Amino acid sequence: MSRERVLILGAAGRDFHNFNVLYRSDPTHLVVGFTAAQIPNIAFRVYPSEFTGPLYPEGIPIFPESNLEGLIGELEVDRCVLSYSDLSNQEVMEIAARVLSCGADFELVGRRTMLRSSKPVVAVCAVRTGAGKSQTARYVVDVLKSAGLNPVVIRHPMPYRDFRAVQRFSSPGDLAPLTIEEREEYEPHVMRGTAVYSGVDCERVLGEAEKEADIIVWDGGNNDLPFVRPDLWITVADAMRPGHELTYYPGSINFRCADIIVINKVNTASEDAVLFIERNAAQLNPRAGVFRAASAISVEDPDLIRGRRVLVIEDGPTLTHGGMHSGAGRIAAEICGASEIVDPRPFAVGSIREALERYGHIKDALPALGYYLEQMEELEESINRCDCETVVIATPVDLRRVIRINKPSTSVRYELVDPENRLADAIRKRLNRLGASA
């Protein structure tokens, strides 16, 4: 019997998970390749045989998605499976049109890829990249710890340097070899004393995490669906981007499936925007508890901003495929009275310059891209070339720990604020119903 030939469209995360769960041991399908989008330096690598299993003794090649139509013909593809996130509904259908016009089928997959855990699972997801999912995950972990539980975080895989089945991070020393993108997701948890697991084989990751956890916290990437079936599904909506809960994949699924919807950034958004999201929640997911939250910004040294020309550095993915023009750094610069926010484009080099050209909506912020060592060096050079008086670092990790900055600098931090602890109370009530207790 001939095997259906499958091409998995990905971005170094969900794609490998979908393969592991759906195809690795399935003799009726043949995965002929992965494609790569969003993340640099993933294409032209090979998903290694140690993860692909005996049906794929040579591993599986990864190709650029830009050549999708050619690949479908050359590899005689029968089916393309979309396996990455933070795409507008329009973009999803444009990819589908490219696939279908070449004669292949197009598929989306969902809950059947979710693993089951022996421990209770809280999933923290989002409508869009940059909505505040990570700060919400940190808040949830704090609530769980206050209830006497030992939460362990499972992060979306980030195989930017190499492919590893399971990784565990629990001390600052564990973070030393990581890229900026990896550190941004792991470090905030580790610095609060929470163990973080990641890796390309989520089944093995989950098994190791379960050995030490009372409860699992899924802290996903972008606006992806959870890889582990949640007992409590929390979705963060962004009050600065009302309506995106309806029009982005798969964030709109997170919005519809959530047990709890957190509308974040209400302190910087309009009341009309918040009400719009609340109405959408009432219509699309009336069973969900809906809570407002603020993203509180604190500045290490406001005097370094006041009256000065500043370069603002924001979280990379939030600006790039997240589509934001700016973030907490710009807000902090304006609040603290910067005389000017400097345009970074004339000073950017290498892949940083290319990213600013590709994402033309970014005007007065520098995305902190650091997916690989050379890009980290280019980020450092771009910062140090900039004609500014102060560097405002508004990234989840303090960049001064990983690169050298030759100008005065100050960091901006942002944490979730839960007015009257209503969100915390709702989480505790749900935990009681689940029987999760210390």
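Valine 6 stands opposite arginine 79 in strand β5. The strands concerned are β1 (residues 4-10) and β5 (residues 79-83), which pair in the parallel sense over five bridges. Two strands count as paired if DSSP finds at least two bridges between them. Strands (E, at least two residues) and helices (H or I, at least four residues) are DSSP runs, numbered from the N terminus. The model is predicted: local features need pLDDT of at least 70, side-chain atom pairs count only at pLDDT 80 or more, and totals for chains, interfaces and linings use all residues. Residues are numbered from 1 along each chain as its sequence is written, and side-chain values use heavy atoms, with hydrogens and water left out.

Strands β1 and β5 belong to an open sheet of six strands. The order is β3-β4-β2-β1-β5-β7, and the pairing is mixed. Strands β3 (46-47) and β7 stand at the edges. Each has a single partner strand, so one side of each is left without a neighbour in the sheet. Strands of a sheet pair through backbone hydrogen bonds, either parallel or antiparallel.

Helices lie across this sheet. Helix α1 lies across β1, β2 (29-36), β3, β4 (60-64), β5 and β7. Helix α1 runs at about 175° to β2. Such angles run from 0 to 180 degrees between N-to-C directions, and the axes are lines fitted to C-alpha atoms, for helices over the stretch in contact. Contact means heavy atoms within 4.5 Å. Helix α4 (residues 89-101) lies across β1, β5 and β7, at about 150° to β7. Helix α1 (residues 14-23) is mostly covered, with nine of its ten residues buried. Among them are Phe16, Phe19, Leu22 and Tyr23. Buried means under 20% relative accessible area, exposed means over 50%, and partly exposed lies in between (1.4 Å probe, protein chains only).

Glutamate 107 is found in strand β7 (residues 105-108). The residue is buried, with a relative accessible area of 16%. Not counting residues up to four places away in sequence, glutamate 107 touches Tyr23, Arg79, Cys80, Val81, Leu82 and Arg112. The side chains of glutamate 107 and arginine 112 are joined by a polar contact of 2.8 Å. A polar contact is a pair of N or O atoms within 3.5 Å; within protein, one must be able to donate a hydrogen and the other to accept it, and residues adjacent in sequence count only if both atoms are side-chain atoms. A network of salt bridges links Glu4, Arg79, Asp105, Glu107 and Arg112. A salt bridge is a side-chain nitrogen of Lys or Arg within 4 Å of a carboxyl oxygen of Asp or Glu.

A further open sheet has eight strands, in the order β10-β11-β9-β12-β8-β13-β15-β16. Its pairing is mixed. Strands β10 (167-169) and β16 (289-292) stand at the edges, each with a single partner strand, so one side of each lacks a neighbour in the sheet. Neighbouring strands of this sheet are turned by 20° against each other on average, direction ignored. Strand β15 (residues 260-264) pairs with β16 in the parallel sense over four bridges. Here isoleucine 261 stands opposite valine 290 in β16. Helix α6 (residues 180-190) packs on the sheet, touching β9, β10, β11 (196-198) and β12. The direction of α6 makes about 155° with that of β11. Helix α5 (residues 133-146) lies across β8 (121-126), β9 (151-155), β12 (215-219), β13 (232-238) and β15, at about 160° to β8.

The whole structure holds 38 salt bridges. In one of them, the side chains of arginine 401 and glutamate 187 meet at 2.3 Å, N to O. This pair links distant parts of the chain, 214 residues apart. Arginine 401 is in the loop between β21 (390-394) and β22 (409-417), and glutamate 187 is in helix α6. Glutamate 187 counts as buried, at 3% relative accessibility.

Arginine 309 forms a salt bridge with glutamate 340, with the closest N and O atoms 3.1 Å apart. Arginine 309 is partly exposed, with a relative accessible area of 24%. The side chains of arginine 309 and aspartate 387 also meet in a salt bridge (3.6 Å, N to O). Arginine 309 lies in strand β18 and aspartate 387 in the loop between α14 (373-385) and β21, so the pair ties together parts that are 78 residues apart in sequence.
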